[in-house]
Amino acid sequence: MHQKNNEYSKKNKMFKKIGYCKINQVFNKDFINKIKKDINKIKKKGSYKDKFNKLRRIEKIYNKTNNLKKLNNTIKKLIFKILKKNLEIFKDKCNLKPSGGAGFKAHYDGTFHFLDKNYKKKKGWYEYANYFVNALVAIDSCNAKNGTIEIAKIQDKNFKKLLLDTNQDGSPELSKSFEKKLKFEKINLRPGDVVFFSNKCPHRSKKNNSNKSRMILYYTYSNSNINSYKRYFKDKDESLNKNSKSLSG
Ligand SMILES: O=C(O)CCC(=O)C(=O)O
């Protein structure tokens, strides 16, 4: 118990300093296998395919099975233990990077403008809350070969200033000149490991060059309540910039 508290306090210090931290083996192999089975069952609904027609993303899953509900509760408790914050789920997805599937260009999460159904310009995720933490749960092993997440130190600035580091084209992608200045750390993960990181941490990932797909859960927690989750997905469905990367991620 004492040892665990020590570990949490170390992670807290790390998160405060660089904006991210990794926790090993939060979930055991058996549990992760159950989650994988559950996801494989629910993956027909709400899924996004890539240009090769391979499944790339599934959304709105956190409460679909008892195991997924358990996973969400464990993460919320762990966020409280490490970050001392009571956060609520804001958005959720499972990213399946199929073999040969594209990576993600460097970006901040939630930092972009989008047009709502009345053509009103909105401030990305900052329309819903002002503090966001991502929890990335490895379901498969994640490594350099299959394009694991690469994270750079937090840029602790407000929306307006963060936006200046991006291409400002409706997507959250960082400008090449800003990306060049950053140092990214490749985070290797075993199934069951979790990485917490602020949405203000630049991050990216490469193409999956392995011959197997790579599954992760990518949940975002915020300092708002569950109504923001509902509003976010409703607005995403109704957003007028369907062809841009607005509300992407
Ligand atoms: O799935 C990945 O490799 C990275 C995902 C990511 O950066 C995102 O969804 O914002």
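The model is predicted, so local features need pLDDT of at least 70 and side-chain atom pairs count only at pLDDT 80 or more, while totals for chains, interfaces and linings use all residues. Residues are numbered from 1 along each chain as its sequence is written, and side-chain values use heavy atoms, with hydrogens and water left out.

**Exercise 1.** Work out which residues of strand 13 are buried on one side and which on the other.

*Solution.* In a regular strand the side chains alternate between the two faces of the sheet. On one side of strand 13 are R214, I216, Y218, T220 and S222, and on the other are M215, L217, Y219 and Y221, all of them buried.

**Exercise 2.** Find how strand 4 and strand 8 pair with strand 13 (pairing requires at least two DSSP bridges).

*Solution.* Begin with strand 4, which pairs with strand 13 in the antiparallel sense over nine bridges; here K97 stands opposite R214. Then take strand 8 (residues 132–138), which runs antiparallel to strand 13 and is joined to it by seven bridges, with V137 and L217 as bridge partners.

**Exercise 3.** Locate the side chains of S205, R214 and K97 relative to oxygen atoms of the ligand.

*Solution.* A polar side-chain atom of S205 lies 2.7 Å from a ligand oxygen. For the side chain of R214, an N or O atom is 2.9 Å from an oxygen of the ligand, and for that of K97 the distance is 3.1 Å.

Terms used:
A polar contact is a pair of N or O atoms within 3.5 Å; within protein, one must be able to donate a hydrogen and the other to accept it, and residues adjacent in sequence count only if both atoms are side-chain atoms. Buried means under 20% relative accessible area, exposed over 50%, partly exposed in between (1.4 Å probe, protein chains only). Helices (H or I, at least four residues) and strands (E, at least two) are DSSP runs, numbered from the N terminus.
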